[in-house]
Amino acid sequence: MRYFRGCRSRFSRGVITFLLVVGWPGFVQAASVDDVIAAAKKEGVIEFYAPSTLTLPGAQALAEGVNKKYGLNIKLNYNPSGSMPKDIAKLVGLSASGIPPEWDLMCTTDAHQAPLWSKKLHQTFDYRPLGVNPKAIQYDGGAVSFANQIVLPAYNKKLVAAKDVPQKWEDLLDPKWKGKLAVTDATHHLARLAAGAWGEEKTTNFVKALTKQNLMLGRLGEIYNRLLLGEVLVSVTMNDSQMHAGRHKGAPIVFAEQVTPVVAPAYIAGVPKGAKHPHVAYLFAAFLTTTEGQKIWEKTSGATSAFIPGTEAYKFAQGKKLVLMEQEQAGMIERLAVEYGKILGFGGL
Amino acid sequence: MDIVTDVKIADRTVDGRPRGFEFFAGALMALLLVIVGLPLLMVVLMSLRTGLPGEGGALTLVNFVAVYSNPKTYQVLMNTLLFATGSVVVALVFVVPLVWLLMRTDVPFKKTIMVLLTVGILIPVFLRTIAWILLLSPKIGLVNQWAMQIFGLERPLLSLYNIPGMAFIQGVSFVPGAFFMLAAAYRTMDPSLEEAAHTAGVSKLRTFLKINIPITMPAIAAVMVYLFMTAISVFEVPAIIGMPARIQVLSSLIYSSTSPPAGLPDYGLAGALGAVMLVVGLILAYFYVRLVRQGKKYAVVTGRGYRPREIALGRWKWPAMAFIFLYLAMEVFIPFLVLFWTSLLPHMQLPSMEALATVSWNNYLTMPSNVGIRPVLNTAVLMFAVPSVAMILSVLISWVVIRSDVSFRGMLDTAAFLPHAIPHILLAVGLGYLGLAYRNYFPLYGTIFIIMLAHIISWIAYGTRTTNGVMIQVHRELEEAGKVAGASKSRVLWRIVLPLIAVGVLNSWIWIAMLSYREVTMALTLFTRKNVVISTVVWQLWGNGSIPEVSALGVVIVLFAAVVVGGLRIVLSRIGTIGAAN
């Protein structure tokens, strides 16, 4: 621990030096696009953390897009996520020890970065001059929302007749599904329902009622494959990241698209405080919200923003109720996700 | 006073070597205290704090209160006990006859069977488990469907979604590792005892039960202790078979604490849960050390006319082959067939004509872009360096523990065993923070070397269980003869002991290489873009649901390993022949 204090001291000196070199964040906030580009040019590199579904070619395509758009020659180091909760925890622990983050830009779901916001570990920035829609700016300027997952019940269309396809969430409570349903350990999907019109009480009652259906439990990838094999017919929730690749390969797993509201977790890009190459990171975050960025992200991960006209998610969302998480609801969703995990039998004391 | 005792007295009082030897043993102990003790200290500190590692905060027992005041903990511990005990029993039921057949009898195709046993581990456990689901799932399992059709049953005959099902699958997958731990002990057994039994008209089965098993009891006990601890910490089978049926074991609770659906991991809670493993590990280590202290009575490789010889099975040869084939079918053939079938598909499908129409080599063609070269190189480094260092340390530790009267040899053995009682996730988190905190002095963090260190620490326990088992069986008179001839202790180790235990050491080397290839928890926790290994790529593909891509990778690795391991086995069989080594 004494070493950590030493680190902190060295870190403080480092931060002062760093700020003298690249400028105080307040200065950055007032900076023009040209200033950010010029600073990014000096930094020259980005440590880019993103879901492994993006893949290295996808990340490289993003780098090419950024370089082309801003006339840069940034080198991108792609860091595919191993485990988002553990990686965020590592960053929080490192920060407490005065150790700078490994990554300049982190692309995760909104819930995963909630601890960075609550512990004020985001590098805040005014993204508006970079052309980012103010509605996409989250966590008090600490992150930019650039895509939405779609979360709905999913079923094997070869095994479920059209007349039996759930039309609403409550249809999953029909006794005919007993022993034929699965639920994933991404219990925050269900917790997010509470963030919308359902509220906490109705959502909790729904989860409790689900337990009477003799659910099969498992992790996302496993449940997707159990659906394919026919071990279960319907998964209570599934996200489009899982289904994107399967869709292109003719897998018979589809969403019950009539079900509403649609849970739509956001993918956000946040710059951790103390990042070594923040300006490149700001440009990347802004680029992800552009039409070019959306196309690349969609091609590799299947997700786009429900708020950028013309994207797949935007089209899908038309006429549907989306449940989005407000930053103030992050704590509630975290609490409910853990509670629902216990109710459903996933573990936890 | 006989000549051996005279030599011992002279050894202690005149040449002063024991003092030097104690210094050497002390240095080994110090090394273990550093590489095992520091991460262990981090784990203990984690369990006594509520924040994240690095956040500091006051020490508290709140995690222990939360864990041990909750009745659910005890239900989970009971499940864990049943699962672990069942797994060990299943493993022993298969492994003891297997090792006897392959090491003591003239059963055919030994080298091929050994290679198959080795490469079987390369099939990822979750894919192996999917094969079991295809066979025994109450809903889609082929065995159940056939049984229902043939016997007109209304309900499935078998279900694997229960504790016996979990224990069976886990126990079967333990067999190869246990086999290589026991192999050398059986290989080096003096056949004169069996021959005496045969001369007295004792049957082969009775000889096996009354001579082979009792003589190898320390090695069997070591395997039981090791497997029991492994069963407590494994996660894949509890996750894939236990979780769907809400059966929780200790590793499930640790997983849910460290991989929450939202928010931050609770390493403190995980540490408090892991304390159970530490306590159980210490208790088992205590009993094991007591057993080892009685080891002299198990010494069977002596200097008097030692010559391993095979027992002729006669008419029992083919029933023995059937037993081996049954095991290999469960462990290797069926999982590999499932792996190969899946690797040809665009997505998971049960075998059908429709599925057959979709097969292609696409998953093999896209493999270079899915995997890249760096994970392959890093994995190759791990697979060579980890077993090499772990086995060198294991031989030296066992040499002190089994061959010396050093007062702290029990502690040394316990220190070598303890890492096996630390949950891998916590060990890696502790090591990761140490690596970061001291990165200016030991720039290991983010490199393949930190994963290497984590693996070495973890598998010293495996290595020492094997080397303890084989060293016990080598009678001291051989070393004492060497000393009489004027050889130094190190020369005795190098020229006499090592050749006699070479089979065990090399078997363990191969096995640790396989474990290092397969390990994912620590590799993932210490993962950066520079130290990515194949197992983390497999994990990521699996997490994405890309099972056909993982399967293609698995097929290539299994085939490649079959060639490499086959070659090594040929070399091993020559080195491992006692006569040839001399």
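A: Terms to start with. Two strands pair if DSSP finds at least two bridges between them. Helices (H or I, at least four residues) and strands (E, at least two) are DSSP runs, numbered from the N terminus. This is a predicted model, where local features need pLDDT of at least 70, side-chain atom pairs count only at pLDDT 80 or more, and totals for chains, interfaces and linings use all residues. Residues are numbered from 1 along each chain as its sequence is written, while chains are lettered from A and ligands numbered from 1 in the order in which they are written.

Q: Fine. What order do the strands of the six-stranded open sheet take in chain A?
A: The order is 2-1-3-12-5-4, and the pairing is mixed.

Q: Which strands stand at the edges?
A: Strand 2 and strand 4 (137-138) of chain A. Each has a single partner strand, so one side of each is left without a neighbour in the sheet.

Q: In what sense do strand 1 and strand 2 of chain A pair?
A: Parallel, over six bridges. Strand 2 covers residues 75-80. One bridge links Phe48(A) to Tyr78(A) in strand 2 of chain A.

Q: And strand 1 of chain A, enclosed or open?
A: Largely enclosed by the rest of the structure, because five of its six residues (45-50) are buried. Buried means 20 or more other C-beta atoms within 10 Å of a residue's own; exposed means 12 or fewer, and partly exposed is in between, with C-beta atoms placed from the backbone.

Q: Zoom out. How many helices and strands does chain A have?
A: 14 helices and 13 strands.

Q: What are the spans of its C-alpha trace?
A: About 65 × 45 × 35 Å along the principal axes of chain A.

Q: What share of chain A is buried?
A: 56% of the 349 residues. On contacts: two residues are in contact if their C-beta atoms, placed from the backbone, lie within 7 Å. Of the contacts in chain A with a separation of 6 or more, 80% join residues 24 or more positions apart.

Q: What domains does chain A get?
A: Domain 1 (2-148 + 265-308) and domain 2 (151-263 + 319-344). Such bounds come from an automatic or database domain assignment. The centres of the two domains of chain A, taken over C-alpha atoms, are 31 Å apart. Across the boundary, 13 residues of domain 1 of chain A contact 14 residues of domain 2.

Q: On to the complex. How many residues of chain B contact chain A?
A: 53 residues of chain B, in contact with 57 residues of chain A. Several helices of chain B each supply at least two residues to that side, including helix 4 (71-104) and helix 21 (424-437).

Q: What ipTM does the predictor give?
A: The complex gets an ipTM of 0.78 and a pTM of 0.82. Chain B has a mean pLDDT of 82, and 91% of its residues reach 70 or more. pLDDT is the predictor's confidence in each residue, from 0 to 100.

Q: Where is the pLDDT of chain B below 50?
A: Residues 1-16 of chain B, a stretch with ten contacts beyond near neighbours in sequence. Residues 577-582 of chain B are also below 50, with seven such contacts.
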